[in-house]
Amino acid sequence: MTAGQGDGAAASQPALVGVVLVSHSAPVAESVAELARGLAAGGPVVPVAAAGGTSAGGLGTSAELVIAAAREVDRGAGIALLADLGSSVLTVKALLLEDELPPGSRLVDAPFVEGAVAAVVASSAGAPLAQVVEAAAEAYAYRKA
């Protein structure tokens, strides 16, 4: 059985938007994913994957890791991809242009940490992709002072 498949009870639940966190650092992507999952606790388990660093474990961005993460979280409801900066954004844009990502994949213009939390919370509430993207983007307006 693969992720996303299960018994009849799991199959009757609505598909949730998947979230992929693309960072230059594997530990950063994994930590933000853990934080977002923890803050969204109590709702359905949202498929979240970290795609950080290079395939060799260094700093950078790996198209292969992004593609694998997107496929891992794809449940048919769309995928919100959040990228930290620079080449991670360019990598996701290139993958979208080349149709390398599952249908319904969207690059989200949002702050990495706050946007990830907002996206995971919105997805766990059953929001469709457009609302997940909007919730993450609204994180730019979060004031800290």
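Leu 35 sits in helix α2 of this predicted model. With a relative accessibility of 38%, Leu 35 counts as partly exposed, because that value falls between the 20% limit for buried and the 50% limit for exposed.

**Helix α5**
- Helix α5 runs over residues 112–124 and has 13 residues.
- From its first C-alpha to its last, α5 reaches 18 Å, close to the 18 Å expected at 1.5 Å a residue.
- Of the 13 residues of α5, 10 are buried, so this helix is largely enclosed by the rest of the structure.
- Among the buried residues of α5 are Phe 112, Gly 115, Val 117 and Val 120.
- What covers the buried residues of α5? The cover includes the strands β1 (18–23), β2 (48–52) and β3 (79–83), along with the helices α2 (26–39) and α6.
- Just after α5 comes Gly 126, which takes a positive phi of about 90°.

**Ala 139**
- You will find Ala 139 in the segment after α6, the helix that spans 129–137.
- Is Ala 139 buried or exposed? Its relative accessible area is 4%, so Ala 139 is buried.
- Leaving aside residues up to four places away in sequence, Ala 139 touches Pro 111, Glu 114 and Gly 115.
- Ala 139 and Phe 112 are 27 residues apart in sequence, and their C-alpha atoms are 9.2 Å apart in space.

Conventions:
Residues numbered from 1 in each chain as written. Predicted model: local features only at pLDDT ≥ 70, side-chain atom pairs only at ≥ 80, totals over all residues. Heavy atoms only, no water. Helix = DSSP H or I, 4+ residues; strand = E, 2+ residues; numbered from the N terminus. Buried < 20%, exposed > 50% of the residue type's maximum accessible area, 1.4 Å probe, protein only. Contact = heavy atoms within 4.5 Å. Expected span 1.5 Å × (residues − 1).
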